[in-house]
Amino acid sequence: MDRYDKYRQHFLKNIRKRLEEWETVEEIAHQDVYRLLHSIAGTAAMIGMDDIGNYARKLMEQWGEDEQKKWGAKEVKERLAPLFQLCYEHQIGDVASNG
């Protein structure tokens, strides 16, 4: 267990919490999705989850910051699924290495 494990668990928990919040709304502003990606990119890089950070950064570059789009919750989940899969794989890896 390295010194970042606690931060990684907290980071993954926060992402999951945000997704659960978004499941209760009909629309999500593009700026909110972009802000989440920005947060993921910055935090992931600091705690040694470079693959997640790089993928989030790539999505930010593709989508741009200033778009006025509104997302449906289902669309957000579909478009971000590969990113969430990376997060899930990290979480499973952490459980396997700690258990």
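Which residues of H3 are buried? I started my notes there. Ile-52, Gly-53, Tyr-55, Ala-56, Leu-59, Met-60 and Trp-63 are buried in H3. They sit on the same side of H3, because the arc they cover around the axis is only 165°. I took the arc from the directions between the helix axis and the C-beta atoms. Buried is under 20% relative accessible area, exposed is over 50%, and partly exposed is in between (1.4 Å probe, protein chains only).

**Ground rules.** The model is predicted, so I note that local features need pLDDT of at least 70 and side-chain atom pairs count only at pLDDT 80 or more, while totals for chains, interfaces and linings use all residues. Residues are numbered from 1 along each chain as its sequence is written, and side-chain values use heavy atoms, with hydrogens and water left out.

**More on H3.** On the face turned away from the buried side, I found the exposed residues Glu-61 and Gln-62. I also checked the length: H3 has 14 residues (50–63) that should span 20 Å at 1.5 Å a residue, and its end C-alpha atoms are 20 Å apart, which agrees. The expected span is 1.5 Å times one less than the number of residues.

**Whole chain.** I counted four helices and two strands in the protein chain, in the order α-β-α-α-β-α from the N terminus. The radius of gyration is 14 Å, close to the 13 Å of the globule rule for 99 residues, so the chain is as compact as a globular protein of that length. For the record, that radius is taken over C-alpha atoms, and the rule is 2.2 Å times the number of residues to the power 0.38. Helices (H or I, at least four residues) and strands (E, at least two) are DSSP runs, numbered from the N terminus. The C-alpha trace spans about 45 × 25 × 15 Å along its principal axes. Of the 99 residues, 36% count as buried.

**H1.** This helix has 18 residues and reaches 26 Å from first C-alpha to last, close to the expected 26 Å. Its buried residues are Asp-5, Arg-8, Phe-11, Leu-12, Ile-15, Leu-19 and Trp-22. Down the axis they fall within an arc of 130°, so they line one face of H1.

**Largest pocket.** What volume does the largest pocket have? I noted about 220 Å³. Its lining includes Tyr-7, His-10, Phe-11, Arg-18, Leu-36 and Thr-43. H1 and helix H2 (30–46) are the elements giving two or more residues to that lining, and H1 has the largest share, eight residues. By class I get four nonpolar, four polar and three charged. Nonpolar covers Ala, Val, Leu, Ile, Met, Phe, Trp, Tyr, Cys and Pro; charged covers Asp, Glu, Lys and Arg; the others, Gly among them, are polar.

**Largest cavity.** I found one cavity of 30 Å³ or more, and the largest has a volume of about 30 Å³. Leu-19, Trp-22, Glu-23, Ala-73, Val-76 and Lys-77 line this largest cavity. Helices H1 (5–22) and H4 (73–98) each supply at least two of its lining residues, and the largest share, three residues, comes from H4. The classes are four nonpolar, no polar and two charged.

**Method note.** On a 1 Å grid over the protein atoms alone, a cavity is a set of points where a 1.4 Å probe fits but cannot get out; a pocket is an open set with protein on both sides within 12 Å along at least five of seven lines; lining residues have an atom within 4 Å of a point. Grid points are joined across faces, edges and corners, and a volume is the space filled by probe spheres set on the points.
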